Amino acid sequence: MALRIDLKPHERIIVGNVSIRNGDRRSSLTFETQAKFLREKDIITESQASTACEKLYVFLQAIYLTDSDHEVENRFVAYANDLIKAAPSMAPYVSDIYSKISKREYYQALKSGQDLIKYEKSLLDLLSNYAECQKPPTH
């Protein structure tokens, strides 16, 4: 069964190891065979990754696009272990991701990685709000 993807003007998509950017107009692509792809909204580049979980997500993208390069997977595991040591509440998310990687469900692992990023953001927002509440009043 074919998969059709509509691209917005200038939207980027990665298909396999090729990065493609759409032109000035909306367009659609039809994938007639199975292919690994990431839409721009699901891509975080190394230079954009500013938090620990975003950096972990960069590893997940590489695992997904390469069908689990063992070197990348080992780096993911080492980084994930460091993340769990620093923030134990993230363990269930990381465990879920690794379970999906073990089952070769790489796209689902990416989606779980996005959930981890949302969780991290909620923690950072909570800390930011707490810090705001602790500031002495200014007169």
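This is a predicted model: local features need pLDDT of at least 70, side-chain atom pairs count only at pLDDT 80 or more; totals for chains, interfaces and linings use all residues.
Start with K111 and D42, whose closest N and O atoms are 3.6 Å apart. Are the two partners buried or exposed? K111 is partly exposed, with a relative accessible area of 29%, whereas D42 counts as buried at 8%.

Next, look at helix α3 (residues 91-102), which holds both D96 and K100. They are 4 residues apart, about one turn of the helix, and their closest N and O atoms are 3.2 Å apart in a salt bridge. Here D96 is partly exposed at 31% relative accessible area. K100, at 19%, is buried, because the cut-off for that word is under 20%.

Back in helix α4, K121 and D125 are likewise 4 residues apart, about one turn of the helix. Their salt bridge brings the closest N and O atoms to 3.0 Å, and D125 is partly exposed, with a relative accessible area of 34%.

Now turn to the strands. β2 (12-15) pairs with β3 (residues 18-21) in the antiparallel sense, over 4 bridges. One example to find is I13, whose bridge partner in β3 is I20. The hairpin of β2 and β3 has 2 residues between the strands, and in this hairpin G16 takes a positive phi near 65°. β2 also pairs with β5 (residues 37-39), again in the antiparallel sense, over 3 bridges. There, V15 stands opposite F37.

Finally, consider the spaces in the model. Rolling a probe the size of a water molecule over the atoms shows where empty space is left. The largest pocket has a volume of about 250 Å³. Its lining includes M1, F37, Y64 and Y107, and divides into 8 nonpolar, 2 polar and 2 charged residues.

The second largest pocket has a volume of about 160 Å³. Which element gives the largest share of its lining? That is α1, with 3 residues, and both β2 and α1 (52-66) supply at least two each.

Conventions. Residues are numbered from 1 along each chain as its sequence is written. Side-chain values use heavy atoms; hydrogens and water are left out. On a 1 Å grid over the protein atoms alone, a cavity is a set of points where a 1.4 Å probe fits but cannot get out, and a pocket is an open set with protein on both sides within 12 Å along at least five of seven lines; lining residues have an atom within 4 Å of a point. Grid points are joined across faces, edges and corners, and a volume is the space filled by probe spheres set on the points. Ala, Val, Leu, Ile, Met, Phe, Trp, Tyr, Cys and Pro count as nonpolar, Asp, Glu, Lys and Arg as charged, and the others, Gly among them, as polar. Two strands pair if DSSP finds at least two bridges between them. A salt bridge is a side-chain nitrogen of Lys or Arg within 4 Å of a carboxyl oxygen of Asp or Glu. Buried means under 20% relative accessible area, exposed over 50%, partly exposed in between (1.4 Å probe, protein chains only).
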